[in-house]
Amino acid sequence: MKRPILIHPDPRLKKACAPIADVSDALRKLADDMMETMYAAPGIGLAAPQVGELSRLIVLDCIKADTGEEPRPLVMFNPRVLASSEERNVYEEGCLSIPDQYADVERPSVVDVEWIDRDGNPRQETFDGLWATCVQHEIDHLDGKLFIDYLKPLRRQMITRKMVKLKKERAREKA
Ligand code: K1U
Ligand code: ZN
(Lines give C-alpha, C1' and ligand atoms only; values in the text may rest on other atoms or scores of the structure.)
(Ligands and ions follow the chains in the order given, each with its own letter.)
Protein backbone atom coordinates (compact mmCIF):
# COMPACT_ATOMS: atom_id res chain seq x y z
CA MET A 1 0.00 0.00 0.00
CA LYS A 2 1.31 3.37 -1.08
CA ARG A 3 1.46 5.97 1.71
CA PRO A 4 1.33 9.77 1.48
CA ILE A 5 4.74 11.47 1.83
CA LEU A 6 4.95 14.36 4.32
CA ILE A 7 6.10 17.68 2.89
CA HIS A 8 8.49 20.00 4.76
CA PRO A 9 7.83 21.90 7.01
CA ASP A 10 6.28 19.28 9.28
CA PRO A 11 7.25 18.71 12.93
CA ARG A 12 7.48 14.93 12.34
CA LEU A 13 10.38 15.52 9.92
CA LYS A 14 12.37 17.29 12.66
CA LYS A 15 12.15 14.55 15.34
CA ALA A 16 14.77 11.95 16.25
CA CYS A 17 13.29 8.49 15.65
CA ALA A 18 13.17 5.65 18.17
CA PRO A 19 15.30 2.49 17.69
CA ILE A 20 13.42 -0.68 16.73
CA ALA A 21 13.48 -3.40 19.41
CA ASP A 22 12.17 -6.30 17.28
CA VAL A 23 11.47 -6.72 13.57
CA SER A 24 7.74 -7.50 13.77
CA ASP A 25 5.31 -8.33 10.93
CA ALA A 26 3.85 -4.82 11.35
CA LEU A 27 7.30 -3.29 10.73
CA ARG A 28 7.90 -5.58 7.73
CA LYS A 29 4.56 -4.35 6.31
CA LEU A 30 5.65 -0.74 6.92
CA ALA A 31 8.93 -1.47 5.07
CA ASP A 32 6.98 -3.01 2.13
CA ASP A 33 4.67 0.03 2.00
CA MET A 34 7.67 2.37 2.06
CA MET A 35 9.37 0.46 -0.78
CA GLU A 36 6.19 0.69 -2.89
CA THR A 37 5.89 4.41 -2.06
CA MET A 38 9.57 5.02 -2.96
CA TYR A 39 9.39 3.23 -6.34
CA ALA A 40 6.10 4.98 -7.20
CA ALA A 41 7.39 8.49 -6.36
CA PRO A 42 9.89 7.74 -8.00
CA GLY A 43 12.82 7.96 -5.61
CA ILE A 44 16.00 6.13 -4.64
CA GLY A 45 15.38 6.18 -0.87
CA LEU A 46 12.75 6.81 1.79
CA ALA A 47 12.85 7.08 5.59
CA ALA A 48 9.99 6.15 7.96
CA PRO A 49 9.42 9.72 9.28
CA GLN A 50 8.65 10.79 5.69
CA VAL A 51 5.48 8.67 5.96
CA GLY A 52 4.82 9.86 9.52
CA GLU A 53 6.32 6.85 11.36
CA LEU A 54 8.98 7.86 13.90
CA SER A 55 10.93 4.55 13.82
CA ARG A 56 14.52 3.93 12.70
CA LEU A 57 13.73 2.33 9.35
CA ILE A 58 14.90 3.28 5.85
CA VAL A 59 14.56 1.72 2.41
CA LEU A 60 16.74 2.40 -0.63
CA ASP A 61 17.51 1.23 -4.15
CA CYS A 62 19.98 3.36 -6.10
CA ILE A 63 19.87 1.22 -9.27
CA LYS A 64 18.54 3.54 -11.98
CA ALA A 65 15.39 2.18 -13.65
CA ASP A 66 16.51 2.45 -17.30
CA THR A 67 19.98 0.87 -16.98
CA GLY A 68 18.88 -2.76 -17.36
CA GLU A 69 20.61 -3.55 -14.05
CA GLU A 70 18.74 -5.75 -11.54
CA PRO A 71 16.96 -3.73 -8.83
CA ARG A 72 18.61 -3.91 -5.39
CA PRO A 73 15.99 -3.01 -2.77
CA LEU A 74 17.50 -2.68 0.72
CA VAL A 75 15.49 -2.51 3.95
CA MET A 76 17.50 -1.25 6.93
CA PHE A 77 16.26 -1.29 10.53
CA ASN A 78 18.41 0.71 13.01
CA PRO A 79 21.02 1.70 10.35
CA ARG A 80 24.20 3.19 11.78
CA VAL A 81 27.31 4.65 10.15
CA LEU A 82 30.31 2.83 11.67
CA ALA A 83 33.03 4.69 9.77
CA SER A 84 33.28 7.49 7.19
CA SER A 85 36.05 8.29 4.71
CA GLU A 86 38.13 11.46 5.01
CA GLU A 87 37.51 11.91 1.30
CA ARG A 88 34.42 13.99 0.53
CA ASN A 89 32.03 13.93 -2.41
CA VAL A 90 29.59 16.61 -3.59
CA TYR A 91 26.26 15.43 -5.00
CA GLU A 92 23.21 17.39 -6.07
CA GLU A 93 20.59 16.05 -3.66
CA GLY A 94 16.82 16.08 -3.77
CA CYS A 95 14.20 14.94 -1.27
CA LEU A 96 10.71 13.55 -1.75
CA SER A 97 9.63 15.72 1.23
CA ILE A 98 10.97 18.84 -0.54
CA PRO A 99 9.72 18.36 -4.11
CA ASP A 100 11.54 19.95 -7.07
CA GLN A 101 14.32 21.51 -4.97
CA TYR A 102 17.92 20.40 -5.46
CA ALA A 103 21.22 21.53 -3.96
CA ASP A 104 24.85 20.42 -3.74
CA VAL A 105 25.67 18.70 -0.45
CA GLU A 106 29.14 17.55 0.61
CA ARG A 107 29.39 14.27 2.51
CA PRO A 108 31.96 11.49 3.10
CA SER A 109 32.47 9.54 -0.17
CA VAL A 110 32.57 6.10 1.47
CA VAL A 111 30.73 4.84 4.58
CA ASP A 112 30.59 1.55 6.49
CA VAL A 113 27.02 0.94 7.64
CA GLU A 114 25.54 -1.69 9.97
CA TRP A 115 21.84 -2.50 10.15
CA ILE A 116 19.26 -5.20 10.86
CA ASP A 117 17.67 -6.68 7.73
CA ARG A 118 14.04 -7.67 7.00
CA ASP A 119 14.65 -11.13 8.50
CA GLY A 120 16.12 -9.69 11.71
CA ASN A 121 19.74 -10.55 10.78
CA PRO A 122 22.61 -8.11 11.45
CA ARG A 123 24.29 -6.84 8.25
CA GLN A 124 27.28 -4.65 7.47
CA GLU A 125 28.42 -3.19 4.12
CA THR A 126 30.64 -0.49 2.66
CA PHE A 127 28.86 1.96 0.35
CA ASP A 128 30.32 4.42 -2.14
CA GLY A 129 29.06 6.69 -4.93
CA LEU A 130 25.33 7.44 -4.97
CA TRP A 131 24.65 4.61 -2.48
CA ALA A 132 26.88 6.35 0.13
CA THR A 133 25.16 9.70 -0.47
CA CYS A 134 21.68 8.18 -0.30
CA VAL A 135 22.22 6.07 2.83
CA GLN A 136 23.61 9.13 4.68
CA HIS A 137 20.68 11.29 3.49
CA GLU A 138 18.21 8.65 4.77
CA ILE A 139 19.96 8.15 8.14
CA ASP A 140 19.89 11.96 8.55
CA HIS A 141 16.07 11.76 8.24
CA LEU A 142 16.04 9.41 11.27
CA ASP A 143 17.80 12.15 13.27
CA GLY A 144 15.38 14.87 12.11
CA LYS A 145 17.88 16.34 9.66
CA LEU A 146 17.07 17.40 6.07
CA PHE A 147 19.53 18.09 3.23
CA ILE A 148 18.56 21.79 3.37
CA ASP A 149 20.04 21.91 6.90
CA TYR A 150 23.48 21.79 5.17
CA LEU A 151 22.70 24.95 3.17
CA LYS A 152 23.20 28.61 4.11
CA PRO A 153 20.24 29.97 6.17
CA LEU A 154 18.98 32.28 3.40
CA ARG A 155 18.79 29.46 0.81
CA ARG A 156 17.14 27.19 3.39
CA GLN A 157 14.54 29.87 4.22
CA MET A 158 13.78 30.44 0.53
CA ILE A 159 13.17 26.72 -0.02
CA THR A 160 11.05 26.48 3.14
CA ARG A 161 8.89 29.43 1.98
CA LYS A 162 8.36 27.69 -1.38
CA MET A 163 7.27 24.53 0.44
CA VAL A 164 4.82 26.45 2.68
CA LYS A 165 3.29 27.92 -0.50
CA LEU A 166 3.15 24.48 -2.17
CA LYS A 167 1.40 22.98 0.86
CA LYS A 168 -1.19 25.79 0.88
CA GLU A 169 -1.86 25.27 -2.86
CA ARG A 170 -2.23 21.51 -2.39
CA ALA A 171 -4.60 22.03 0.58
CA ARG A 172 -6.70 24.47 -1.52
CA GLU A 173 -6.86 21.94 -4.40
CA LYS A 174 -8.06 19.26 -1.97
CA ALA A 175 -10.83 21.41 -0.39
O1 K1U B 1 14.87 10.74 1.09
C2 K1U B 1 14.28 11.06 0.08
O3 K1U B 1 13.48 11.99 0.12
C4 K1U B 1 14.50 10.35 -1.21
C5 K1U B 1 15.53 11.03 -2.09
C6 K1U B 1 16.87 10.38 -1.83
C7 K1U B 1 18.09 11.06 -2.31
C8 K1U B 1 18.18 11.64 -3.56
C9 K1U B 1 19.36 12.25 -3.98
C10 K1U B 1 20.45 12.26 -3.16
C11 K1U B 1 20.35 11.70 -1.92
C12 K1U B 1 19.19 11.08 -1.50
C13 K1U B 1 15.09 10.87 -3.54
O14 K1U B 1 14.96 9.79 -4.01
S15 K1U B 1 14.79 12.30 -4.47
C16 K1U B 1 14.43 11.66 -6.10
C17 K1U B 1 15.62 11.21 -6.85
O18 K1U B 1 16.74 11.53 -6.49
C19 K1U B 1 15.49 10.34 -8.04
C20 K1U B 1 14.28 10.03 -8.58
C21 K1U B 1 14.20 9.21 -9.68
C22 K1U B 1 15.31 8.72 -10.29
C23 K1U B 1 16.54 9.05 -9.78
C24 K1U B 1 16.63 9.85 -8.67
ZN1 ZN C 1 14.89 13.05 1.87
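Donors are N, O and S atoms within 2.8 Å of the metal. The model is predicted.

Q: How are the donor residues of the zinc ion (ligand 2) spaced in sequence?
A: The protein donors are Cys95 (SG), His137 (NE2) and His141 (NE2). They lie 2.1 to 2.3 Å from the zinc ion (ligand 2). Written as a sequence pattern, their spacing is C-x41-H-x3-H.

Q: How many residues apart are Cys95 and His137?
A: Cys95 belongs to strand 4 (residues 88–95), and His137 to helix 2 (residues 129–142). The pair thus links distant parts of the chain, 42 residues apart.

Q: In what pattern do the helices and strands follow one another along the sequence?
A: The protein has 3 helices and 7 strands. Read along the sequence, they give α-β-β-β-β-β-β-β-α-α.

Q: What radius of gyration does the protein have, and why does it agree with a compact globule?
A: The C-alpha trace spans about 45 × 40 × 35 Å along its principal axes. A compact globule of 175 residues would have a radius of gyration near 16 Å, so the protein agrees with its own value of 16 Å.

Q: What share of the contacts with a separation of 6 or more comes from residues 24 or more positions apart?
A: Contact means heavy atoms within 4.5 Å. Among contacts in the protein with a separation of 6 or more, the share from residues 24 or more positions apart is 65%.

Technical notes: Residues are numbered from 1 along each chain as its sequence is written. Chains are lettered from A and ligands numbered from 1 in the order in which they are written. This is a predicted model: local features need pLDDT of at least 70, side-chain atom pairs count only at pLDDT 80 or more; totals for chains, interfaces and linings use all residues. Side-chain values use heavy atoms; hydrogens and water are left out. Helices (H or I, at least four residues) and strands (E, at least two) are DSSP runs, numbered from the N terminus. The radius of gyration is taken over C-alpha atoms; the globule rule is 2.2 Å times the number of residues to the power 0.38. Donors are N, O and S atoms within 2.8 Å of the metal (3.2 Å for Na, K and Ca); water is not among the atoms, so sites may look incomplete.
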